[in-house]
Amino acid sequence: MKNFLVIGNPIQHSLSPKLHNFWINQNNIDAHYEKKQIEENEISKVIQEIKDDKLSGINITVPYKKSVIPFLEKLSETAKITQSVNTVYKKDNKIVGDNTDVAGFIKSLEDINLKGKSVLVLGAGGVVSSIIHGCYLLGVKNVFVSNRTQSKVDELIALFPEVKKINWGDNVLCDLIINSTSVGLKKDDKLNIDLSSYKTTIFYDVIYSPRTNFLAQGESMGNKTIDGKKMFVYQAQEAFKIWHNISPTVNQEVMELLI
Ligand code: ATR
């Protein structure tokens with residue numbers, strides 16, 4: 001039997017095992033997927049388990065998507081560009097790091113045309129380099145990033161010099177606004193910025209559960225809203241394809257696993 005794992009800290013809320021095990025069963029694959037909370041100094045041990053074929057693959061989540069990189073022997077182009085790895089496996093005896101968040105983000109926006117448009121990203125955490133790269137691949141003209149702590153935006157600008165920094169709380173004309181902060185993970189969380197000027201902007205939240213106040217505000221203004229379920233499910237679909245060489249089904253039943 002093949003073993004898979006998602007590592008992170010915290011990890012108890014991760015729905016990756018539920019989703020992957022559903023697809024594993026659906027496709028009659030002899031495999032099992034678990035979650036494990038680890039400390040940063042345990043990353044090398046987990047990678048060694050892939051080398052030793054005790055694990056066939058791992059997903060990486062917050063906060064290790066960057067810190068795992070020194071332990072890997074090869075990076076996909078997307079992982080290199082974003083300096084972010086969420087999927088690891090062994091190929092030709094080398095430990096490979098890939099990034100399926102970018103593909104997940106792009107697919108989550110498949111019915112929206114962002115060519116020549118402007119996007120404002122709130123937050124500058126681990127997932128944002130994938131969002132920025134995804135935006136440029138979608139033909140977005142202007143990517144603005146605004147974060148409470150400015151130095152983190154500077155790190156992103158070092159990777160993507162075209163990104164424009166916006167002071168926290170300042171408004172900018174944009175077609176899509178993305179909450180990538182952790183504000184909203186707890187039900188009563190609310191961003192301390194005024195969003196009332198974003199009258200025709202699409203509101204997108206990376207958080208998939210619970211429904212955030214950010215999205216509720218977008219909705220109350222009559223705007224289109226997108227929650228993080230699609231990005232989450234499509235990044236998992238891409239990882240599944242890499243590991244099992246099968247593209248698993250995404251349908252209503254699968255989306256409901258995330259509720
Ligand atoms: P990751 O591990 O994904 O990198 P993180 O670094 O904790 O996660 O990032 C969380 C994001 O949410 C950061 O952009 C953080 O802003 P700071 O860089 O200023 O810490 C943002 N964030 C968390 N709490 C916030 C709050 N109350 N208001 C605004 N932004 C917040």
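The model is predicted: local features need pLDDT of at least 70, side-chain atom pairs count only at pLDDT 80 or more, and totals for chains, interfaces and linings use all residues. Residues are numbered from 1 along each chain as its sequence is written, and side-chain values use heavy atoms, with hydrogens and water left out.

Y33 forms an aromatic cluster with F4 and W243. Rings of Phe, Tyr and Trp (its six-membered ring) pair if their centres lie within 6.5 Å; planes under 30 degrees apart count as stacked, over 60 as edge-to-face and the rest as tilted. A search of the whole structure finds seven aromatic pairs. In one of them, the rings of F4 and W243 have centres 4.8 Å apart and planes at 35 degrees, so this pair is tilted. F4 sits in strand β1 (residues 2-8) and W243 in helix α8, 239 residues apart, and the pair thus links distant parts of the chain. Helices (H or I, at least four residues) and strands (E, at least two) are DSSP runs, numbered from the N terminus. Y33 and W243 form another tilted pair, with 6.2 Å from centre to centre and 50 degrees between the planes. Here too distant parts of the chain are linked: Y33 lies in strand β2 (residues 31-37), 210 residues from W243 in helix α8. F4 is buried. W243 counts as buried at 9% relative accessibility.

Helix α8 (residues 229-244) carries W243 and has 16 residues. From first C-alpha to last, α8 reaches 22 Å, close to the 22 Å expected at 1.5 Å a residue. The expected span is 1.5 Å times one less than the number of residues in the helix. Of the 16 residues, 13 are buried, so α8 is largely enclosed by the rest of the structure. N245 follows α8, and its phi is positive, near 60 degrees.

The largest nonpolar core has 26 residues. A nonpolar core is a set of buried Ala, Val, Leu, Ile, Met, Phe, Trp, Tyr and Cys residues joined through side-chain atoms within 4.5 Å. In soluble globular proteins, nonpolar side chains tend to be buried together. The residues with the most contacts inside the largest core are F105, L109, I132, V143, V145, L176 and Y204. Two or more residues each come from β7 (118-122), α5 (128-137), β8 (142-146), α6 (150-159), β10 (176-179) and β11 (202-205). Helix α5 gives the most, with four residues. Another core, of 24 residues, lies apart from this one; F4, Y33, Y208 and L258 are among its members. Contact means heavy atoms within 4.5 Å. Leaving aside neighbours within four places in sequence, L176 is in contact with L109, L114, S118, V119, L120, T201, I202 and Y204.

Eight of the 10 residues of α5 are buried, so this helix is largely enclosed by the rest of the structure. The buried residues are V128, S129, S130, I131, I132, H133, G134 and C135. They pack against α3 (77-82), α4, β7, β8, α6 and β10. I131 is buried, with a relative accessible area of 0%. Not counting residues up to four places away in sequence, I131 touches F105, V121, I178, S180 and V206. I131 and G104 are 27 residues apart in sequence, and their C-alpha atoms are 9.6 Å apart in space. G139 follows α5 and has a positive phi, near 90 degrees.

N99 is placed in the loop between β6 (94-98) and α4 (101-108). N99 counts as buried at 4% relative accessibility. A polar contact is a pair of N or O atoms within 3.5 Å; within protein, one must be able to donate a hydrogen and the other to accept it, and residues adjacent in sequence count only if both atoms are side-chain atoms. The side chain of N99 reaches the backbone nitrogen of D101 at 2.8 Å. A polar atom of this side chain also lies 3.0 Å from the backbone nitrogen of V102. Beyond neighbours within four places in sequence, N99 is in contact with residues including S76, T78 and S130.

Notes: Buried < 20%, exposed > 50% of the residue type's maximum accessible area, 1.4 Å probe, protein only.
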